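Me: I am new to this structure and would like a close look at one part of it, the place where the ligand sits. Please also describe what lies around that part.

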Amino acid sequence: MTRECIQFRRKDRTVRLDRFSPLSTVLDWLRLEERSTGTKEGCAEGDCGACTVVIAREHEGRLIYEVVNACIATLGQLDGGELITVEDLAHEGELHPVQTAMAAGHGSQCGFCTPGIVMSLFAHFHSDGDRTDRAKINDALAGNLCRCTGYRSIVDAAREACAGHVTDRFAAREAETRAELQQLNDGADIFVGNIERFFAAPASEASLALIYERHPDARIIGGATDVGLWITKKLLTLDKIIHVGRAGLDAIEETPDALSIGASVTLERATAPLASIDPDIGEILRRFGSVQVRTAGTVGGSIANASPIGDLAPLFIALGGSIELRKGERMRTLPLEQFFIGYGKQDREPGEFVRRLIVPKLPPATFFRAFKISKRFDEDITTTLGAFRIGIEGDRIASARVAFGGMAATPKRALAVERVLVGALLHDVGAWRDAAERVGDDFTPLTDMRASAEYRLRVARNLVTKALAEIAGISSPVTRILDSRQAAHVAD
Ligand SMILES: Cc1cc2nc3c(=O)[nH]c(=O)nc-3n(C[C@H](O)[C@H](O)[C@H](O)COP(=O)(O)OP(=O)(O)OC[C@H]3O[C@@H](n4cnc5c(N)ncnc54)[C@H](O)[C@@H]3O)c2cc1C
Ligand code: FES
Ligand code: FES
C-alpha cells in the first residue's frame, strides 16, 4: 500500500500534505505556510536551538516528546507525529508551568532564544527520572544558546517548573493523543511527488531496498542532522529523498557478546545500551551534539556520512565492530574499519544502504577508554577522538585496538601503536611512551580551524599515555570534567 501524502497531528487536527518540496524543512512550513512565527530561525544549522519544536510520538505504548531543530528537520519527517510549538503551550489564557516559571524567574531578556528554550524545557518537563537534577537540566539546555539572560535563572526556572507532578493539558489527554497517532501509523509506504522529484518513506526494509535500488541517485536521510545542513547552508538541490525512519531498521538486539543496532536507531536511544559496554561511550554520546541532534540523528547516519570526525566510528572500530549493508536482496557484512576508504568515501555501492551495526561487548580482562577532545565541552564537533581497547593477560598487554578520529581523512586504527603495546608489560611506562611516539607512523593530521596538525598529534600521543595510565590504575591528575566511571560506580 502506498500513501501519496504525509500526515501528522497539529493543533487538534490531522494535517495531510500531498504537495511539498522534498527540501522543505519543518521551520519553512511553520513560518511560511502556517504562518506560526513563534518558532525562530537563528543559525539554520542545528546549533542555536531557537527553532526547537517538539514532536510527540507513540513509542512502545507510551507518548514520548522529542525535541527537534525545526530548521534542519525535513517536513516529511513529521509523518506520524504531533507537532507542538511554542504557540500551543498556553491554554485558555493560562501559561504552561514552564512559561510561568520562566516569566516569574526572569529567564528571558531579549527573548529571541526563549521559544526554543521553553520548548526544550517543555520536553524535559515530560521526561522521566529526576527532572530537577541540575546536570540533567544542563543537558536538556545544551542545544539552546542564550546570549543575554545567562543560564542561572533559566535553570532555576526549569527546577521550579519541574518540581511537581507532570500535570498539563498534554498529560491529561495522553490516551486520546496516543489513539490519534496510532491511527496515523497505517504501515503504508509514503511517496510524495513524481519519479523525478520525491520524498519517500518506505514502511518496510523490503520497500526501502526496492525503491533505493530503483533510485540509486536518491539521497537517504536518517535524522537529516547532516543532510539538513546541505539544504540550508550548502543550498544543494536534492531532488529525491528517501527517509529510512519508518523502514523497520530500528531494532536494538543484545546477545551475550554483542549489540546489534539498527541503522535508524537514534543516538538518544542508542546511548544507554552503548554506555552499558563502557561508561566512556555514554559520556561521549552525552556530548554528541545536543538532545535535539541526538533525538533526530541516527547511528547509521553517523557511520554512513563517512565523516573523519564522526564520534561513533572510532569507538566502534576500537571495539572491533562490523557493518551490515543491503542492496536489493543482497546483504554483506564487513569490518567497520574497511568501510572507510577515503575522505568522504565508503565501500558502499549506489543503491546500497546501511542495515545495522554490530558492536562487540568487552571480553573478560579487557579494558576500554575513549576521550573526545573539542574546543567547547558541550555541543561541539570533535577535534580528535581516541578510543582504546586493551586486553590483559597476567601483567602483560595481550591485545590492543586503538582508533582515532580527526587525525586523518578517515577514522582508522593506529596499527603502529598497537604493535608496540602488544606483549608489553602493562606498567611499563617506557612502553607507553614508545607507543605514543608511534602515532605519527599512521597519521599525518591536518591543520584546520579546529586545531593545528601539531596540536592533534600531541593530543593523540597524550591520550595513548592517559588511557594506559588509567587502565594500569596509576594515579594521574584528574583531567575528566565529570568522572563518568566514578559516577557509574556511585550509581551502582
Ligand atoms: C549542531 C550539530 C552538532 C553535531 N554534533 C556532532 C557531534 O558531536 N559528533 C558527531 O559525530 N556528529 C555531530 N553532528 C553531525 C551529525 O549529527 C551526525 O553525523 C549524525 O549522526 C548524522 O546522523 P543522521 O541520521 O542525522 O544523518 P543524515 O543527515 O540523515 O545522513 C548523513 C549521511 O548518511 C547517509 N545515510 C543516513 N542513513 C543511512 C543509511 N541507513 N544507509 C546509507 N546511508 C545513510 C545520508 O545519505 C547522508 O549521506 C552534529 C550535527 C549538528 C547539526
Ligand atoms: S535555527 Fe539555530 S538550531 Fe535551528
Ligand atoms: S534572552 Fe536574549 S538570547 Fe536569550
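Reply: An oxygen atom of ligand 1 is 2.9 Å from a polar backbone atom of A224. This distance, like the others below, comes from a predicted model. Two further oxygen contacts can be listed beside that one. At G222, a backbone N or O atom lies 2.6 Å from an oxygen atom of ligand 1. At R219 the side chain takes part: one of its polar atoms is 2.8 Å from an oxygen atom of the ligand.

The protein covers 96% of the accessible area of ligand 1, which on its own has 980 Å². The elements that give two or more residues to the shell around ligand 1 are strand 9 (219–221), helix 9 (227–232), helix 13 (299–304) and strand 17. The ligand has 37 residues around it, and those that come nearest are I220, G222, G223, T225 and T298.

Strand 17, one of the elements of that shell, also belongs to a sheet. This sheet is open and has five strands, in the order 11-12-17-13-14, with antiparallel pairing. Strand 11 (252–254) and strand 14 (330–335) stand at the edges; each has a single partner strand, so one side of each has no neighbour in the sheet. On average, neighbouring strands of the sheet are turned by 20° against each other, with direction ignored.

Strands of a sheet pair in general through backbone hydrogen bonds, and the pairing can be parallel or antiparallel.

One more residue can be described in detail, R294, which is found in helix 12 (residues 291–296). Is R294 buried or exposed? R294 counts as buried because its relative accessibility is 6%, and the cut-off for buried is under 20%. Leaving aside residues up to four places away in sequence, R294 touches T266, L267, E268, L285, R286, R287, F288 and G289. With R286, one of these residues, there is a polar approach: the backbone oxygen of R286 lies 2.9 Å from a polar atom of the R294 side chain.

Conventions: Residues numbered from 1 in each chain as written. Chains lettered and ligands numbered in written order. Predicted model: local features only at pLDDT ≥ 70, side-chain atom pairs only at ≥ 80, totals over all residues. Heavy atoms only, no water. Helix = DSSP H or I, 4+ residues; strand = E, 2+ residues; numbered from the N terminus. Buried < 20%, exposed > 50% of the residue type's maximum accessible area, 1.4 Å probe, protein only. Polar contact = N/O pair within 3.5 Å; in protein donor to acceptor, adjacent residues only side chain to side chain. Contact = heavy atoms within 4.5 Å. Pairing = 2+ DSSP bridges. Axes fitted to C-alpha atoms, helices over the stretch in contact; angles between N-to-C directions. Near = heavy atom within 4 Å. Areas by Shrake-Rupley, 256 points an atom, 1.4 Å probe, with all protein chains shown as cover.
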